[in-house]
Structures are given as C-alpha cells and as structure tokens.
Amino acid sequence: MTTEIAERTHTLALAGVTKRFPTGTVALTDVSLSISPGEFVTVVGPSGCGKSTLLRLASGLETATSGTVEVSARATSYVFQDATLLEWRTALRNVELVGELRGVPREERRERARAALDLVGLSGFERQHPRQLSGGMRMRVSLARALVAEPDLALFDEPFGALDEITRLQMQTELQRIFRQERFAGLFITHSVSEAVYLSTRVLVMSGRPGRIVAEIPVPWDYPRPPELRHTPEFGELTGRVSAALGEHS
Amino acid sequence: MTTVESRVETPAPQAAEQPRAGAGALLRRAAPIVGALVGFLAAWYAVTYLVLPARQRFLLPPPHEVYGGVFSNPQLMAPMMEALGRSFAVALVGLVIAVVLGIAYAVVMSQWSWAEKILYPYAVILQTIPILALVPLIGIWLGYSFLARVAVCVIIALFPMIANTLFGLQSASAAAHDLFTLNKATRWQRLMKLQFPAAVPSIFTGLRNAAGLSVIGAIVGDYFFQQGAPGIGGLLRVYTQRLQMEALLTSVTLTALFGVVIFTIFAVLDRAVVGRWYGRVAR
C-alpha cells in the first residue's frame, strides 16, 4: 500500500497512523488508507472505534502521534454529526459563514451561498432560522455550508446518524446526486452497513478500539444508483460481507 | 438569587401569542392575581384589627389609612417621588456600569483559561462578601453621596452579569468551535461571530437579574450614604427613626413596585430580543 501512495496522486493519504490521547487511550493503531479524486470511501466500525478520530486527523483538527497524514486538496470540508448550525443565523447566513471567515466579499459569498442552498434543494428557505427547519433540512443546510467552499475533499462524520429512516434514505440519494455533480473525494463515516455500501466506491471496515482497518471491500456499481438497488440480492451479498467483517473483529 | 440559568428551553411561544379570547378569558387570567391581592389585604386587616391590641395598632395601621393617608398628602408624596427618581438614577447608572464591566470581565475570562483561573475567584469574593463589610471603605474612598451609592449598586449587580455572560460565552458547542478552527477563524472572529452571539440569551438573563439587584443596590446605597438629597432608601431610614408608619409602609410598597417594574421591563425586553434572535418574531 505504501508503494501505491508513492506512485499515485491521492487527495488524502494516511500511512501508519497511530493516535494516542494524553489520557493514554489509543484511538487508532497503524491505519493506512488513501483516497483518490472521484472516490467516495465509507468507513464502518463499532461505536468508539476511533472513526471520528480518523476524520479529525484527516481534517487537521488532531495531529497523529505517529505516521503521516497527507492532504493534497485545495479546500477540505467537514460535515459534523449534528448539523452544527448557528441558531441565530438564517439558513443563508449560516452557509455564508464560511466565506465570511475567509474574507470573501459579501456579494460573492452571498451568491455562492444561494447556489449551495439551491444545490441541496433548499431554495426558498434562505431566510428561515435553524429552529424553523426540520432535522433533514438542517442537515441540508449543513451540507450546503460544506459545499460552498467547493471542496476537493469532503469529510463526513456520521452526518445522517440522527435522522429518521425515511429522511436518511432521502439524504443518501441527495448526497449521491451532489457527489456526482461536484466531484469531490469523499470520506464518510457511518455505523450503518447499508448506508456504507449504498454510498461508496469502497467500504473500509474498522475493528473495535484501538481502531484498525481490518477489511477493504470495493463496491462495483456505477452512479447514479437507484434506491431499489438496496433490495437486490447483490446488494444483500455485499452488505453481508461487510457485516461479516465487522462481526469478526468487534 | 444570582444563579446562572441555562436556557435550553424554548418556552412554547404559542402560549403568549394566542389570540385574545373575550373578556371571560381575561377575567380567568386576572382572577388568581386579584384573589392573591384580596387575600393579602384581608390578612393585613386581620393582623391590624384581630391580632394587634388597640394600643399597639400604630405598628401596622390598616391599608386604607396607610395608602389613603399618604397618597392624598402631597407633602409626603412629593418628596417620596423625588427620592424614588434619585434612586432610579443611581440604579440606572449602577446597572450600566455593572453591565459594561461584567461583560468585559467575562470576555477576558473567556479568552484565556489562565485569566479565568485568576479572575473568577475575585468575582466570587465580590459576590460573597457582605456589602455591610464594604460600606465603611466605600464611604471613606468615595464620599457619602451619589458616587458611593452607585458603587454599592455596581457591587451588588455585577456578579450575575459576569457569571451569566461567561456561561453564555462558553456555551457554543465543541463542534461549532471546530467549524471555526477548520475555517481558520481568528480569535476576534471566533469571539464576535460565535461566542458573543451564542451568549446573547445568557447576557439577557444576567441583565434581568442585574436590573433587579441594581434596584436593591440603589436602595441599600441610599440607606447608608445619606449626604446630599435623599433617595428612597434614605427616606426609609428617616421614617423609621420618626416612627412614621404610614409613610414607611408606603415607601416600602413603592420600592417593591419599583423593583417589579424594572424587572418586568427587562423580562419583556429579554423575551422580545431573544425571541427575535432565534427567528421567532413575536407579532
């Protein structure tokens, strides 16, 4: 795998990464992974296996205790577990925040924020405050905020975990459409096997703490994937393999 | 009295926004308030006429003598209202200073954890030290008039401002802070676009508490620092010394009403501003 990293240009490459917290907890041991442009990689693992730590390392919020983290992206976005919207700002102003912090002129950032809200299907909701929006819509605003920076690399930390099943399936379809349109490289954390398989080009399975990558399962289907794909025997067979890998190592 | 109130709650705004149903509903809502007032007056009369023997009745004259006698007597009412006005000025100046100082103090503490470690104990000491212990010092340092009264006011009103503002500044979620970190926000941006806006509801909670306390502070200040024209607290002392029970009870009532009015103003302001802040525009 290391040789592969040397040969190809990756958007994100982790090599032999270990993360030990000051408390002594080892969150990750010897994790290597790489994501190329246009790839959408999902990571599944039992809760507390260090999945979120993996994302925090990739985003630069944490630094690795040992090993290397290389990011070659012009812009990286991060989608949080909760929508993490600023309650006092409207949907539009929440999306605008990114441009504000980066010093983008008002007109430009407002226009881009509008376009991003449009992309996630929230045209007409620009002036609503988070409390006036449903859970699914709040998450859409959060996605818009991530997309407004036009990222090459997008990191997702179980963004749909708190949504109800119906909304969750809708959001998966939406995310797929957005991914196809925007062409960023994605790293998506989830604890849902079906979500992991449905969304990704490749599923990484992690073991319980300390987290390691124990299996890598490619997903063959082209995008766009119809929702009915979830009911096919092939889909069932693949989720079965992921579940089996999870079961062996949890 | 100066606890930090967390505001996770969003009291259902509908309750307040229901269309006015007829006079019946209004009556039903007013009934408990009127009932309590009637009960209070009845108890007062009972104490005056049934509990106190006739020769001690001057200790608690009946309500109609207290209020009837004083309100109809401009010689008593005029100085009382003037004094109330002076106390109001003290309370207002004290409150403004407490708000500015309190927010500044909390902002400094929120920016550096070492600053919080150093400064917070002093805020707590300010809160716990009895104002009586400080009165002689304040008098010696600031004289015995307006300035000293304001100082008492500030000392009493400051802590809830500090505590609530700090609580608010620290209330933004870790994820929200991560969002700012990932977008390379400066310290100033983080303060102005995240911490301060997140603190607005708590600041208003602090303001509400501080406003109520500033009234107490003004009256306590009047009471101790009697140089210059008297505030209502100064009159309280005079009436006590002369055993003018009617005037004393009336001025106590006025101070209570004064506090209620100030508290209500800030409670209404709080609801309006904080409601708007989160996008439920009360109409």
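The model is predicted.

Chain A contains eight helices and nine strands. Its radius of gyration is 18 Å, close to the 18 Å that the globule rule gives for 250 residues, so chain A is as compact as a globular protein of that length. The C-alpha trace spans about 50 × 40 × 35 Å along the principal axes of the chain. Of the 250 residues in chain A, 43% are buried. Among contacts in chain A with a separation of 6 or more, 74% join residues 24 or more positions apart.

Strand β1 of chain A covers residues 12-20, and strand β2 of chain A covers residues 26-35. The two run antiparallel and are joined by six bridges. One pairing places A:Arg20 with A:Val26 of β2(A). Together, β1(A) and β2(A) form a hairpin, with five residues between them. The turn includes A:Gly24, which has a positive phi of about 105°. Strand β1(A) has another partner, strand β4 (residues 66-71) of chain A. These strands also run antiparallel, with five bridges between them. Here A:Leu12 stands opposite A:Val71 in β4(A). In a regular strand, side chains alternate between the two faces of the sheet.

Helix α2 of chain A runs over residues 51-59 and is mostly covered. Eight of its nine residues are buried. Just after α2(A) comes A:Gly60, with a positive phi of about 90°.

A cis peptide bond joins A:Tyr223 and A:Pro224, with omega about -5°. Most peptide bonds are trans. A:Pro224 lies in the loop between β9 (213-218) and α8 (233-249) of chain A.

The two chains touch. In this interface, 17 residues of chain B are in contact with 16 residues of chain A. On the chain B side, α8 (174-182) and α9 (187-224) each supply at least two residues. Helix α8(B) gives the largest share, seven residues. By residue class, the side of chain B that touches chain A divides into ten nonpolar, five polar and two charged residues.

Between α8 and α9 of chain B lies a loop that holds B:Lys184. The phi of B:Lys184 is near 55°, a positive value in a residue other than glycine. Most residues other than glycine have a negative phi. B:Lys184 counts as exposed because it has 9 C-beta neighbours inside 10 Å, and the limit for exposed is 12 or fewer.

A second case is B:Leu243, in the loop between α10 (232-242) and α11 (245-277) of chain B. B:Leu243 is not a glycine, yet its phi is positive, at about 55°. With 10 C-beta neighbours inside 10 Å, B:Leu243 also counts as exposed.

Helix α9 of chain B includes B:Ala198. This residue is partly exposed, with 19 other C-beta atoms within 10 Å. Leaving aside residues up to four places away in sequence, B:Ala198 touches B:Gly168, B:Ser171 and B:Ala172. B:Gly168 is 30 residues from B:Ala198 along the chain, but their C-alpha atoms are separated by 6.2 Å.

Helix α7 of chain B covers residues 146-169. At 1.5 Å a residue, its 24 residues should span 34 Å. The end C-alpha atoms of α7(B) are 33 Å apart, which agrees. The helix bends by about 35° at B:Ala157. A proline, B:Pro160, follows within four residues of that bend. Of the 24 residues of α7(B), 22 are buried, so this helix is largely enclosed by the rest of the structure.

Key. Residues numbered from 1 in each chain as written. Chains lettered and ligands numbered in written order. Predicted model: local features only at pLDDT ≥ 70, side-chain atom pairs only at ≥ 80, totals over all residues. Rg over C-alpha atoms; globule rule 2.2 N^0.38 Å. Buried ≥ 20, exposed ≤ 12 C-beta atoms within 10 Å, placed from the backbone. Contact = placed C-beta atoms within 7 Å. Nonpolar A, V, L, I, M, F, W, Y, C, P; charged D, E, K, R; others polar. Pairing = 2+ DSSP bridges. Expected span 1.5 Å × (residues − 1). Bend = angle between axes of the 7 residues up to and from the residue.
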